[in-house]
Amino acid sequence: MNKKLFLSSLAIAVVLGFSAQAQFKKGGFTGPVAGGDTLISVEQAKALKDDSLVKLQGNIVQKVGSEKYLFKDKSGSIEIEIDDEDWQGQEVGPEDTVLIEGEVDRGWTSVEIDVDRISKASK
């Protein structure tokens, strides 16, 4: 009898757990983001505060370290970091114009962009 009671209690707990999880599904804002929807230049990005959202268009001209690359547009160049999973299977060469979206990362002595999304720009 105790075994049946235990199994019934366990089944109820599992159902309640899934129900509670469904009620607290994480959501968020889906509208535009200030500063993140307009293309800016490398020069402008270098002047922004830490964690500012940015969108830039240009070329990745070389790899400079593990997940670190040199990005260049008409105004200058900046180091960017692209995590391996953010490439999402895309192959990009120096001749490809890309659109990157991410955040400004101000270190002690340098500024870089931590890329969240990368895509080839439409021709």
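Is Tyr69 counted as buried or exposed, at 10% relative accessibility? Tyr69 counts as buried because its relative accessibility is 10%, where buried means under 20% relative accessible area, exposed over 50% and partly exposed in between, with a 1.4 Å probe and protein chains only.

The model is predicted, so that local features need pLDDT of at least 70 and side-chain atom pairs count only at pLDDT 80 or more, while totals for chains, interfaces and linings use all residues. Residues are numbered from 1 along each chain as its sequence is written, and side-chain values use heavy atoms, leaving out hydrogens and water.

In this model 5 strands close into a barrel with mixed pairing, in the order S1-S2-S3-S5-S4; strands are DSSP runs of E with at least two residues, helices are runs of H or I with at least four, both numbered from the N terminus, and two strands pair if DSSP finds at least two bridges between them. Strands S1 (residues 53-65) and S2 (residues 68-73) run antiparallel and are joined by 5 bridges, and Gln62 has Leu70 in S2 as its bridge partner.

The ring centres of Tyr69 and Trp87 are 5.5 Å apart and their planes stand at 80°, so the pair is edge-to-face. Because Tyr69 lies in strand S2 and Trp87 in the loop between S3 and S4, the pair ties together parts that are 18 residues apart in sequence. Trp87 is also buried, with a relative accessible area of 14%.

Conventions: Phe/Tyr/Trp six-rings, centres within 6.5 Å; stacked < 30°, edge-to-face > 60°.
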